[in-house]
Amino acid sequence: MPPRSPLIVPSVLPADFARLGDDVAALEKAGVDRIQWDVMDGHFVPNLTFGPDVIAACRSRAAVGFEAHLMVSNPDDLLGRYVEAGCELVIVHAETCTHLHKTLSQIRALGARSGVALNPATGIGAVSHVVDLLDLLLVMTVNPGFGGQAYIAEMEPKIAEARRMIDATGRDIPLEVDGGISSETIGAAAAAGADTFVVGSALFRNPDGIAAQVAECRAILAAATEAEAGSPISAIAGGK
Ligand code: DX5
């Protein structure tokens with residue numbers, strides 16, 4: 001499967017909650033590929049964020065796709081509400097699903113794409129038996145719960161393992177990373193095998209604005225792809 005073009009997916013967590021709809025529209029204007037809503041229940045993670053009504057209220061402010069990253073203890077009870085709110089992709093944490101196979105099947109039955117997120121301590125083995133039900137795999141590069149945390153570089157071998165597992169299926173399953181992604185860390189995550197990048201505080205704190213940070217991330221990813229294509233390893237791999 002040829003490598004997919006990398007996607008930039010901002011997290012709304014660092015946005016100005018007093019003008020959330022405007023920020024959603026600004027993210028789309030900045031050319032992002034999708035928008036991630038970090039849904040936290042104050043139980044699975046020690047923070048509380050977006051109910052489905054908040055997302056529904058912002059749905060008309062942008063045409064770009066929405067994904068719900070459910071950091072909640074009982075996701076099964078909430079799946080339908082987030083799909084109704086306009087999320088085309090629903091990501092659950094493997095650590096919160098007693099019946100992961102059933103939960104992923106339910107998300108698809110609701111007409112949405114299904115994703116699984118893995119906390120830093122959780123191995124790839126947690127999804128190896130439900131790969132057929134995966135439309136996206138998310139390797140957390142921070143412990144979930146807050147934005148602005150440091151990227152955990154020790155996750156790169158796990159990203160590479162996930163890349164190998166996905167490539168072995170021959171299916172086009174996006175490999176997403178989330179947490180501490182910035183101009184300093186996105187290149188290493190891409191080199192490890194990620195192709196979809198959730199970016200939060202790095203986008204909103206760039207003094208030149210969101211669009212400038214998106215462009216910077218894309219330039220780094222393009223350079224990484226070019227470097228990869230030009231490397232002797234890929235030359236051998238490409239049989240040149
Ligand atoms: C953390 C969330 C992330 C976070 C990303 O639990 O899942 O999406 O908001 O923000 P940064 O990029 O600031 O780490």
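**Entry 1: the largest pocket**

I looked up the lining of the largest pocket and found 13 nonpolar, four polar and seven charged residues. Here Ala, Val, Leu, Ile, Met, Phe, Trp, Tyr, Cys and Pro count as nonpolar, Asp, Glu, Lys and Arg as charged, and the others, Gly among them, as polar. I note that this is a predicted model, where local features need pLDDT of at least 70 and side-chain atom pairs count only at pLDDT 80 or more, while totals for chains, interfaces and linings use all residues. Residues are numbered from 1 along each chain as its sequence is written, and side-chain values use heavy atoms, with hydrogens and water left out.

A pocket is defined on a 1 Å grid over the protein atoms alone, as an open set of points where a 1.4 Å probe fits, with protein on both sides within 12 Å along at least five of seven lines; lining residues have an atom within 4 Å of a point. I counted 24 lining residues for the largest pocket, with Pro3, Arg163, Ala190, Gly193 and Ala194 nearest its centre. Helix H5 (156-169), helix H6 (186-192) and helix H8 (210-230) each give two or more residues to this lining. H8 gives the most, five residues. Helices (H or I, at least four residues) and strands (E, at least two) are DSSP runs, numbered from the N terminus. The space in the largest pocket is about 660 Å³, a volume being the space filled by probe spheres set on grid points joined across faces, edges and corners.

**Entry 2: the second largest pocket**

The second largest pocket holds about 310 Å³ of space. I found 29 residues in its lining, and Phe146, Gly147, Gly148, Gly179 and Gly180 lie nearest its centre. Two or more residues each come from S2, S3, S8 and helix H7 (201-204). The lining divides into 14 nonpolar, 12 polar and three charged residues.

**Entry 3: the ligand**

Which pocket does the ligand sit in? The ligand sits in the second largest pocket, meaning that more than half of its atoms lie within 2 Å of the pocket's grid points. I listed 20 residues around the ligand, the closest being Gly145, Gly148, Asp178, Gly180 and Ser201; each has a heavy atom within 4 Å of the ligand. S2 supplies the largest share of this shell, three residues.

I then checked polar contacts (pairs of N or O atoms within 3.5 Å). A polar side-chain atom of Asp178 is 2.7 Å from a ligand oxygen atom, and one of His69 is 3.5 Å from a ligand oxygen atom.

Notes:
A polar contact is a pair of N or O atoms within 3.5 Å; within protein, one must be able to donate a hydrogen and the other to accept it, and residues adjacent in sequence count only if both atoms are side-chain atoms.
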